[in-house]
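Trainee: I would like a close look at one part of this model. Please take me through it step by step.

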Amino acid sequence: MKLTPEGARVEHEVFTELIQRNREWRQSFSLAKQYQTLNLVEEFMDKFVNEDASKQTKKTTYADLKRAEA
């Protein structure tokens, strides 16, 4: 599968916007808050959005990362 030129342009615009938003989030929220937010969104998605939520594998959480650093 390959993107059309228009698809590549849109993908570049979206990716560029995501990078900019990520920079803004990092300035506003600590890394701990970012991971907490992402974990909450993933949990919500798994419970209410994903069709195969029962088949989900264990995801790395912020707490897992903190334990690994210790």
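Where does valine 49 lie?

Mentor: This is a predicted model. Valine 49 sits in the loop between helix H2 (31-48) and helix H3 (62-69). Its relative accessibility is 42%. Buried means under 20% and exposed means over 50%, with partly exposed in between. Valine 49 therefore counts as partly exposed.

Now the surface around this residue.

Next, helix H2 itself. H2 has 18 residues. From its first C-alpha to its last, H2 reaches 26 Å. That is close to the 26 Å expected at 1.5 Å a residue.

Which residues of H2 are buried? Gln34, Asn39 and Asp46 are. Seen down the axis of H2, the buried residues fall within an arc of 130°, so they line one face of the helix. On the other side of H2, the exposed residues are Leu40, Lys47 and Phe48.

Finally, the setting. The protein chain holds three helices and zero strands. From the N terminus on, its elements run α-α-α. The chain has 70 residues, and buried ones make up 7% of them. The chain exposes about 6600 Å². Carbon and sulfur atoms supply 59% of that area.

Definitions and conventions:
Residues numbered from 1 in each chain as written. Predicted model: local features only at pLDDT ≥ 70, side-chain atom pairs only at ≥ 80, totals over all residues. Heavy atoms only, no water. Helix = DSSP H or I, 4+ residues; strand = E, 2+ residues; numbered from the N terminus. Buried < 20%, exposed > 50% of the residue type's maximum accessible area, 1.4 Å probe, protein only. Expected span 1.5 Å × (residues − 1). Arc of directions from axis to C-beta. Areas by Shrake-Rupley, 256 points an atom, 1.4 Å probe, with all protein chains shown as cover.
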